[in-house]
Amino acid sequence: MRALLVVGAILREPVEITLRFVSWYLDQGVDQIVLCFDDPDDPAIALLKDHDKVRCIPCTRAFWLGIGIRPRKRFTLRQNAAMQHIYDGLPVGWFLNVDGDELVYLQGRTLKQEVSAQPDQVSAILIRPAERIQSPDRPGTIQFRTAMPRWCCNSVYRDLSKAMLKRRGLSGHWIGKSVTRTGLATYRVRQHYLRSAEGDAHVDVILGPENGAYLLHFIDQGYDAWRSKLDWRLSSWGYRGTMRDILLEAINSPTPEHDLRRIYDAIFVFDHARLTTLERAKACLAIDMAQHTQFARHFAAEVEIAQRMVG
């Protein structure tokens, strides 16, 4: 029996982001994409429901109750429950659990080729993340940061470095996401990997920049989007510790919007000097749009807008 590769996600994204997600993973050789729409009226459902490789699941109240979780539970719990439900029903093969803003990129091969090449004893591959950052000084490229050594984190973030060190210089998770064989009944699906009953992560192989492997995380969608989600992230502990304290101090300052914009720019907007520091630390990935047909196909319009803003 041919082993299938299935990608699953629970998402609430703009339609164009969802369509990019589907198109990207079809290019990666995925056999099926299962989309759980946190908004059961998501307009992307009508566009994708008849695609032979896409399964759309509107997350209605009946759906949540049917898989044994209340609809008002916090998102991460519902996410785990939905992905466990998908995983439990899969045939022999591999399963990748990602968010709608996460795209696996493997230099020189597809995800399907990567999992097909694994020996039988490997059942879980963790792929390290790279976060999209803004690079107005380098139009025509798409820039990402990867986990940083301490000296690099201190250099690029300065007064925010203490807050950024915990996640190794990234704003989101630094762990990554795993693609795992199906049928591992004694493990439970979690955000980053499957866990045993004792809470141990199930990971056999770790792939990262040294292997030409990246989980491209498009966590930044501009200041307005970041600002609109800030209260939710603070209330749901998306920001913790020192960074949470810094953000709350800014919100309660006499000039909250100015202070928040300064923090946002420090986290996500990198000029030439800061990018050069990332390059010295080998903590970045740069994609030249003129030379990379896959990225040109998926991101040409986005880069064209950035070039006009600089020009």
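This is a predicted model: local features need pLDDT of at least 70, side-chain atom pairs count only at pLDDT 80 or more; totals for chains, interfaces and linings use all residues.

In which sense do strand β7 and strand β8 pair, and over how many bridges? I looked: β7 (residues 129-133) and β8 (residues 141-145) pair in the antiparallel sense, over 3 bridges.

Reminder from class: strands of a sheet pair through backbone hydrogen bonds, either parallel or antiparallel.

Next entry, the whole sheet. I traced an open sheet of 5 strands and wrote down the order β5-β13-β7-β8-β14, with mixed pairing. The edges belong to β5 (102-106) and β14 (284-288); each has a single partner strand, so one side of each is left without a neighbour in the sheet.

Now the helices. Two packed helices are described by the angle between their axes and the distance between the axes, so I looked up both values. For α8 (residues 223-235) and α9 (residues 241-251), the angle is about 120° and the axes are 12 Å apart. That makes α8 oblique to α9. I noted the handedness too: α8 passes α9 in a left-handed crossing.

Which residues meet there? From α8 I listed W226, L230, D231 and L234, and from α9 R244, L247, L248 and I251. Sorted by type, the residues of this contact of α8 with α9 come out as 6 nonpolar, no polar and 2 charged.

How values were computed:
Residues are numbered from 1 along each chain as its sequence is written. Side-chain values use heavy atoms; hydrogens and water are left out. Axes are lines fitted to C-alpha atoms, for helices over the stretch in contact, and angles run from 0 to 180 degrees between N-to-C directions. Helices (H or I, at least four residues) and strands (E, at least two) are DSSP runs, numbered from the N terminus. Angles under 35 degrees count as roughly parallel, over 145 as roughly antiparallel, 65 to 115 as roughly perpendicular and the rest as oblique. A crossing is left-handed if the near helix is turned anticlockwise from the far one by less than a right angle, and right-handed if clockwise. Contact means heavy atoms within 4.5 Å. Ala, Val, Leu, Ile, Met, Phe, Trp, Tyr, Cys and Pro count as nonpolar, Asp, Glu, Lys and Arg as charged, and the others, Gly among them, as polar. Two strands pair if DSSP finds at least two bridges between them.
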